[in-house]
Amino acid sequence: MTVTARRELVSPAARNAIRSLATALTIRIVSELWEDQGFAPIPPEDLKYQDHGQRRTEFMLYAEGVDWTDPAHVRRALLVFEDFLRKYDEETYQWRHESSPTPDAWREDIRVRLERDGLVLDDSGKVTWSTPPVLARDLSTLSDASGIHVELERIRRDLTTDPHGAIGAAKQLIEATAKTALRELGAPIDKNAALPALVNTVQKALKLDAGSAPDGPDGSKAVKKILSGSVNIAVGVAELRNQGFGSGHGMASAPSGLGVRHARLTVNAAVTWCELILDTLSDPGAPWRKATV
């Protein structure tokens, strides 16, 4: 099995800039700021980072335990960054303003490094995404999520610069998610199946088709309408791509009038369907689990 490397959402350069703030704090504060957001240190013997500074070392014991490719982990880590910025500002305010003509140069350095990762540091010290991760789901429980990650990376790369490529990747994200779910279920995968057939197959396997939903909220008329609509979403994404508005087919002429808003519409539609599948796959109370017992 070949596993594609996942891109880190926050670069080592940005993490190092935050790490430098630890030198002005106590070891206790450094650990508390991480633990306040639910992080735990790795064993000291597993730490690859070497530094004579105890505070920076303490920072890295926690930072190396973060999965920087996982949007859920990174969201919590960004809260830690905000706390470091706030605490550093509080602890060093007086001597910075007495000793330096440009006391906030450190903040500008951090701001620039975060911007390179698609993050924005505002004047209040809040860190947010300028372009949020496409699919904010924990995929670590899947036996192999590399196919999904490949398409997410393509979407992230192309969404605002190449609508044609983003639409093609959105269709491929649906396909990768469907095949991944079927593999996790131990169901056969028809490698030659067209996307509509693949979508129907995985929704039936997860009891998400309108015909097999059990009693309760999953079998209600409202949910059935939504489930029927989810099929149309996936098929619509595939049709848009097949009509030449998405990458994957050679064309005599490039599509005209295609803009970022079309790419966002298509990507958001694809993500809605993929989240439905992944949420149902991981839900211990989902109808498909009862059917297999």
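Rings of Phe, Tyr and Trp (its six-membered ring) count as a pair if their centres lie within 6.5 Å, with planes under 30 degrees apart called stacked, over 60 edge-to-face and the rest tilted. I start my notes with that rule, since aromatic rings were what I looked up first.

Ground rules. I am working on a predicted model, where local features need pLDDT of at least 70 and side-chain atom pairs count only at pLDDT 80 or more, while totals for chains, interfaces and linings use all residues. I number residues from 1 along each chain as its sequence is written, and side-chain values use heavy atoms, with hydrogens and water left out.

**Aromatic rings**

I find seven aromatic pairs in the structure. Trp 34 with Tyr 62 is a stacked one, at 6.1 Å centre to centre and 5° between the planes. Trp 34 belongs to helix α2 (residues 27-35) and Tyr 62 to helix α3 (residues 54-63), so this pair ties together parts 28 residues apart in sequence. My helices (H or I, at least four residues) and strands (E, at least two) are DSSP runs, numbered from the N terminus.

Next I checked burial. I call a residue buried under 20% relative accessible area, exposed over 50% and partly exposed in between (1.4 Å probe, protein chains only). Trp 34 is buried at 0%, and Tyr 62 is buried too, at 2%.

Then I looked at Phe 59 and Phe 84. Their ring centres are 5.2 Å apart and their planes at 75°, so I log the pair as edge-to-face. Phe 59 is in helix α3 and Phe 84 in helix α4 (residues 71-99), so the pair links parts 25 residues apart in sequence. Phe 59 is buried at 0% relative accessible area, and Phe 84 also comes out at 0%.

Which residues do ring pairs link into a cluster? I get Trp 34, Phe 39, Phe 59, Tyr 62 and Phe 84. Phe 39 has a charge to note as well: the charged end of Arg 76 sits over its ring, 4.2 Å from the centre. For that I need NZ of Lys or CZ of Arg within 6 Å of the ring centre and within 35 degrees of the ring normal.

I compared end-to-end spans with the expected value, 1.5 Å times one less than the number of residues. Helix α5 (residues 105-116) has 12 residues and should span 16 Å; its end C-alpha atoms are 17 Å apart, which agrees. Its buried residues are Trp 106, Arg 107, Ile 110, Arg 111 and Leu 114. Seen down the axis of α5, they fall within an arc of 135°, so they line one face of the helix. I take the arc from the directions of the C-beta atoms off the helix axis.

Helix α7 (residues 163-185) has 23 residues and reaches 33 Å from first C-alpha to last, close to the 33 Å expected. In α7, 18 of the 23 residues are buried, so the rest of the structure largely encloses this helix.

**Loops and positive phi**

Asp 117 is in the loop between α5 and β1 (119-121), and at 15% relative accessibility I count Asp 117 as buried. Leaving out residues up to four places away in sequence, Asp 117 touches Leu 9, Val 10, Ser 11, Ala 14 and Trp 129; contact means heavy atoms within 4.5 Å.

Gly 118, following α5, has a positive phi near 80°. Lys 207 is not a glycine, yet its phi is positive, near 60°. I place Lys 207 in the loop between α8 (195-205) and α9 (221-245), partly exposed at 27%.
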